[in-house]
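Here are my notes on this model. Please read them with the coordinates open.

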Amino acid sequence: MRFPKLFERLSTQAPLPPEEWEKAEAVAKEQALAKRELFLRPGDAADRFAVVLQGVFRAVRVSARGGESIKAFRAEGELIGAYAEMLQGLPSMTSIEALEPSRVLVFQTRDFQALEQGHVCWERLARRVAELHFILKERREQEFLDLSAEERLVKFWEEHPHLHGRVPQRDVAAYLGITEVALSRIMSRRRKRPD
């Protein structure tokens, strides 16, 4: 077993027999990415996904006017890929960029589908990942509806302390749906407040 910690982490989502994990490791490829290197570009086939072994990534959509929206940040143990496009058989509309030197374990969608056909544990894991993905999307939408930018910032750092010092301030602002100037003002106000 090449990645026992990853096996343990994924097994908490859905029970995976060790022999099934070894089959997955056999079809997966480890890939190193330099800082700012793209795992996926808009227009690429959405035919692969990866588990982050080391590093941090940002998932970005660029509008027709050139504005960047950060969909998500992903770090160790989390999945990266253009999931919605993969399900629809569409090319990626998302860029997935390494924010620091990173390593990922890459799976081709067709290989994962073959694993799913061979053992029910993979269907259970895929369902659990989809459920967690839905919950995260729902939570993020609710935060935009219910919380101020400052409240979203506080919640972001509470939920993602492992990203401190690893994600540029401009990306945090884009994720929160505010400008970098607005983020700077919020942070300045918070520093001036007595605890």
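1. How many helices and strands make up the secondary structure of the protein? There are 8 helices and 8 strands. Keep in mind that this is a predicted model.

2. Overall dimensions come next. The radius of gyration is 18 Å. A compact globule of 195 residues would have a value near 16 Å, so the two agree. Along the principal axes, the C-alpha atoms fill a box of roughly 55 × 40 × 30 Å.

3. Now burial and surface. Buried residues make up 38% of the 195. The accessible surface comes to about 11,300 Å². Carbon and sulfur atoms hold 53% of that area.

4. Which residues touch the most other members of the largest nonpolar core? They are W21, F39, F57, V104 and W122, in a core of 34 residues. Strand 3 (residues 48-54) gives this core its largest share, 5 residues. A second core is separate and has 18 residues, including L99, V167, L176 and I186. As background, nonpolar side chains tend to be buried together in soluble globular proteins.

5. W21 deserves a look of its own.

6. Last, the charges. The protein has 32 positive and 30 negative charges. Their mean positions lie 5 Å apart.

Conventions: Residues are numbered from 1 along each chain as its sequence is written. This is a predicted model: local features need pLDDT of at least 70, side-chain atom pairs count only at pLDDT 80 or more; totals for chains, interfaces and linings use all residues. Side-chain values use heavy atoms; hydrogens and water are left out. Helices (H or I, at least four residues) and strands (E, at least two) are DSSP runs, numbered from the N terminus. The radius of gyration is taken over C-alpha atoms; the globule rule is 2.2 Å times the number of residues to the power 0.38. Buried means under 20% relative accessible area, exposed over 50%, partly exposed in between (1.4 Å probe, protein chains only). Accessible areas come from the Shrake-Rupley method with a 1.4 Å probe; for residues, only the protein chains shown count as cover. Lys and Arg count as positive and Asp and Glu as negative; His and the chain ends are not counted. The place of a charge is taken as NZ of Lys, CZ of Arg, CG of Asp or CD of Glu. A nonpolar core is a set of buried Ala, Val, Leu, Ile, Met, Phe, Trp, Tyr and Cys residues joined through side-chain atoms within 4.5 Å.
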